[in-house]
Amino acid sequence: MRRDRTFLNDVAFSAHDYASIVQTNYPGAHDQDYRARVAGLIDTARAAWPACPTFDYHEDEHSTWKLVSEILILLQNRYSCAAYLEAREKLALPLDSVPQLDDVSARMEAATGFTLAPVGGLLDKSEFLPMLAHRVMRCTPYVRHPSYPFFTPEPDIVHELRGHAPMFMHEPFAEMSERIGHAAAAAVDAGNAELLDLIGLFYWYTVEYGLIRENGEVRIFGAGNNGGIQDLLRSMDPTVEKHPISLDAIRELSIDYDAPQEVFFVAESFEHVAEMARELEAMA
Ligand SMILES: [Fe+2]
């Protein structure tokens with residue numbers, strides 16, 4: 001059964017431009033035709049909000065989706081955690097064509113109630129994170145630039161659907177994400193900006209780039225590394241720093257959205273991460 005989306009009427013579609021990517025060499029930042037295409041897909045989403053429209057993807061977008069998917073699936077088979085691989089089979093995303101956000105959302109809603117809602121760019125963490133408490137994930141509808149599909153500084157639909165969506169099919173992960181949302185909502189309600197920053201870092205190094213220990217091996221559960229070829233390889237590269245996750249370990253870090261990750265953190269279990277989210281919520 002589909003979730004009622006009317007509560008999203010109280011949530012603004014609002015999104016902010018990725019101001020920082022214009023300073024990078026990312027080809028998608030400087031290709032005016034590409035920027036216009038991204039803007040067109042965002043306009044479609046904004047016009048339909050809070051419903052999720054059908055997006056009309058082009059041939060080159062389908063072929064970028066297919067190329068990245070084929071490479072990712074091979075790497076995930078070797079490096080992703082068991083929960084991801086099991087959920088990936090259950091979600092069964094198409095390989096040859098860009099999936100529709102709403103079709104994927106329907107399957108997630110049936111599994112855990114997690115719902116996908118479109119977004120057109122950056123949301124402030126005070127807007128984005130508390131929505132996880134309602135089991136809502138905001139997703140970009142556009143596809144990364146075709147000239148370099150191995151890394152993108154702005155999240156795209158490959159990141160959202162190959163990275164995030166399968167994990168939201170797994171109840172312990174959905175519960176953990178909801179806990180992070182509750183912690184963020186508590187920090188926003190308390191007006192505690194410093195705590196919200198810490199929760200933002202915690203989200204980044206778990207939901208976005210998390211690693212998990214499984215049968216003595218380090219495996220991937222983060223959406224950035226499950227949904228991006230370069231980030232996946234970096235997170236498994238033995239020369240790249242990895243540490244056990246703890247609030248003290250991440251507290252002094254900052255996030256560079258435009259660059260590949262320099263450091264990754266390893267959780268013991270999703271319950272372990274949920275327990276840390278409860279600690280964050282209690283700090284508000
Ligand atoms: Fe993400």
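Is N215 buried or exposed? N215 is exposed, since it has 6 other C-beta atoms within 10 Å; a residue is buried with 20 or more such atoms within 10 Å, exposed with 12 or fewer and partly exposed in between, with C-beta atoms placed from the backbone.

1. **What you are looking at.** This is a predicted model, in which local features need pLDDT of at least 70 and side-chain atom pairs count only at pLDDT 80 or more, while totals for chains, interfaces and linings use all residues. Residues are numbered from 1 along each chain as its sequence is written.

2. **The whole chain.** You will find 13 helices and six strands, where helices (H or I, at least four residues) and strands (E, at least two) are DSSP runs numbered from the N terminus. The C-alpha trace spans about 45 × 45 × 40 Å along its principal axes, and 43% of the 284 residues count as buried.

3. **Contacts along the chain.** Two residues are in contact if their C-beta atoms, placed from the backbone, lie within 7 Å. Among contacts between residues at least 6 apart in sequence, 71% join residues at least 24 apart. A83 touches H170, F173 and F221, leaving aside residues up to four places away in sequence. A83 counts as buried because it has 20 C-beta neighbours inside 10 Å.

4. **Helices α8 and α13.** Helix α8 (residues 171-189) packs on helix α13 (residues 270-282) at an angle of about 10°, with the axes 8 Å apart. Axes are lines fitted to C-alpha atoms, for helices over the stretch in contact, and angles run from 0 to 180 degrees between N-to-C directions. The two helices are therefore roughly parallel (under 35 degrees; over 145 is roughly antiparallel, 65 to 115 roughly perpendicular and the rest oblique). Residues in the contact include F173, M176 and I180 of α8 and V273, A277 and L280 of α13.

5. **Helices α9 and α13.** The axes of α9 and α13 come within 11 Å and cross at roughly 170°, which makes α9 roughly antiparallel to α13. L195, L198, I199, F202 and T206 of α9 meet V273, M276 and L280 of α13. Among the buried residues of α9 (residues 193-208) are L196, W204 and E208, and the elements covering its buried residues include α6 (125-128), α8 and β6 (263-267).

6. **Backbone details worth a look.** Most residues other than glycine have a negative phi, and most peptide bonds are trans. The peptide bond from W49 to P50 is cis, with omega near 5°, and P50 sits in the loop between α2 and α3. R135 has a positive phi, near 60°; this residue lies in the loop between α6 and β2 (136-139) and counts as partly exposed, with 19 C-beta neighbours inside 10 Å. N215 also has a positive phi, of about 50°, and is placed in the loop between β3 (211-214) and β4 (217-220).
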